Amino acid sequence: MKRITLLLFAALLLLGAGCARVPFEATELVPTVPRSAAQLADGVWSSQRGPLVVRHSALFELRGMRVPVEAMLSLDTKAGEARLVAMNEMGVKLYDITVLRDGSRANFVIPDLARYPGFAEAVALSVRRIFLAPAPGAGDQLEVAQRSYQTSREEGGAMLRFTFGGTDAQLLETSCRGADQSWRVRYYRYQRRDGLLFPGGIVLDEDRAGYRLTLWIDSVEPSNE
Amino acid sequence: MKRLLLLCALLLPALPLHAESQPSPQLLETLEKNAGSVRTISSDFVQEKHLSMFKNPMTSKGRLYFARPDQLRWELTAPVASGFVLKGDRGRRWHERTGRTENFQISQEPIMKLVSEQLFAWARSDFAWIKKEYRVTVLQESPALLRLEPRSAATASFLHHLLVGFSADGRYVKSVELHEKDGDFTRIRFQNTVVNKALPADIF
């Protein structure tokens, strides 16, 4: 129960239910061509350049409750690090959390949120799943269908699956199914702006806790750092 | 969350502002007098969030409407549309991401009740509240520029100070800066401000 509560707060404070309609159209699939698991993994949008700055808005949904959030994310997949700063609609900073592949650090959490035990760790979990890890790997098992690719591997007692498709064979979905976890992240509206390819929409469904997190990506730019 | 909302309330200016000041009581008396003559305000605004870790600020745009004694509309128009209206004891809020417009009774929602109390305390020039919440100093007399430091430790734990700048004639607020302890800050610049012009009834 405590874990579920943490997950809920993660979503709430990360960026922004049920498995309602996704507000993004599905990516148009095209015939596949020969590609390896390594090529697919190397082509994932978030690892195409150096550190990125991602501005987005998000919506957390749970049993009819809907909570919107504004956020900026500094993302460095090569270093395995992300830093999320979330604000309310009036620019008041709610939290600033650094996320690593295997840990996190709260740089700032507004006192009214800091009183919830495990809050920062819970936020970090959602950030990690969407932007950092698990990530597809060169050694994953590959299955090629007519219009999509799927790579998979078993990790930590759960089955990880990565689905690729579209004109750039981009990552369309990451899912994890295991005894103690069940979730998936879907990526939509891939677009190229100023040479950078990125998804315009992302949806995280956490089945156990029953929440959905939807992200609208406003912009992705190279980091100035 | 209450503290956060108090802070939000302070970011809804373009409202008459009054304060105590040892350096120049005449200035504050003038501001008080000017504020008392304001019946309505409409203004565009640009909100910039300056974060030390990012080169460029996060910019949002919006519009504010206020009518004495108890009507206020705060709305963001870009990049995401959202906002709320306070009218007497009732309220209405909306957000592009939720796709919903919700009506509510202010008295039945503790958070919005607190927000409305703060907003209207400022709108009605409630000096007792301002003095209780902040230490006010005058940084500049013309145009007036005030610095407000929170008195409570809880608020001070995340808010270092506010800077509130007035128009040349002292009738309305031109800018507000909310400075956090770590150096990050939010700046709201009010533009195209119009005072005492009749507002459409359906705006609230």
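**The second largest pocket, and beyond**

Guide: Three elements of chain A each supply at least two residues of the lining of the second largest pocket: helix H2 (37-42), helix H4 (119-132) and strand E9 (170-178). Please keep in mind that this is a predicted model. Of the elements you can pick out, H4(A) gives the most to this lining, with four residues. In total 19 residues line the pocket, and those nearest its centre are A:Val44, A:Ser46, A:Leu132, A:Ala135 and A:Pro136. By class, the lining divides into 12 nonpolar, four polar and three charged residues. The space in this second largest pocket comes to about 290 Å³.

Staying in chain A, you can look at the loop between strand E8 (158-165) and E9, where A:Ala169 lies. The phi angle of A:Ala169 is near 50 degrees, which is a positive value in a residue other than glycine.

Now for the charged pairs. Side chains of opposite charge can pair when their charged atoms come close. Over all chains, the structure holds 24 salt bridges. One of them joins A:Arg189 and A:Glu25, with 3.2 Å between the closest N and O atoms. That pair links distant parts of the chain, 164 residues apart: A:Arg189 is in strand E10 (residues 182-193) of chain A, while A:Glu25 is in the loop between helix H1 (2-14) and H2 of chain A.

From here, let us cross to the partner chain. Where chain B and chain A meet, the contact takes 34 residues from chain B and 31 residues from chain A. The size of an interface is often given as the accessible area lost when the parts come together. Here, the area buried between chain B and chain A is about 2800 Å², with 62% of it given by carbon and sulfur atoms. More than any other three residues, B:Met53, B:Met58 and B:Arg97 supply the area that chain B buries against chain A, their share being 26%.

Three salt bridges are found across the interface of chain B and chain A. To see a salt bridge, find the side chains of B:Asp182 and A:Lys93, which meet at 2.6 Å, N to O. Polar contacts between chain B and chain A number seven residue pairs. On the side of chain B that touches chain A, at least two residues each come from helix H1 (2-10), strand E1 (40-50), strand E2 (58-67), strand E3 (71-78) and strand E4 (82-87) of chain B. H1(B) gives the most there, with five residues. That side of chain B has 15 nonpolar, 10 polar and nine charged residues.

The largest cavity is our next stop, with a space of about 120 Å³. It is lined by 16 residues, and A:Arg55, A:Glu70, A:Glu89, B:Gln47 and B:Ser60 are the closest to its centre. E1 and E2 of chain B are the elements that give two or more residues to this lining. E1(B) has the largest share, three residues. The lining of the largest cavity has five nonpolar, six polar and five charged residues.

Finally, two prolines in loops of chain B. B:Pro69 has its place in the loop between E2 and E3 of chain B, and the peptide bond from B:Arg68 to B:Pro69 is cis.

Terms used: Residues are numbered from 1 along each chain as its sequence is written. Chains are lettered from A and ligands numbered from 1 in the order in which they are written. This is a predicted model: local features need pLDDT of at least 70, side-chain atom pairs count only at pLDDT 80 or more; totals for chains, interfaces and linings use all residues. Side-chain values use heavy atoms; hydrogens and water are left out. Contact means heavy atoms within 4.5 Å. Buried area is the accessible area (1.4 Å probe) that two parts lose on being put together, summed over both. A salt bridge is a side-chain nitrogen of Lys or Arg within 4 Å of a carboxyl oxygen of Asp or Glu. A polar contact is a pair of N or O atoms within 3.5 Å; within protein, one must be able to donate a hydrogen and the other to accept it, and residues adjacent in sequence count only if both atoms are side-chain atoms. Ala, Val, Leu, Ile, Met, Phe, Trp, Tyr, Cys and Pro count as nonpolar, Asp, Glu, Lys and Arg as charged, and the others, Gly among them, as polar. On a 1 Å grid over the protein atoms alone, a cavity is a set of points where a 1.4 Å probe fits but cannot get out, and a pocket is an open set with protein on both sides within 12 Å along at least five of seven lines; lining residues have an atom within 4 Å of a point. Grid points are joined across faces, edges and corners, and a volume is the space filled by probe spheres set on the points.
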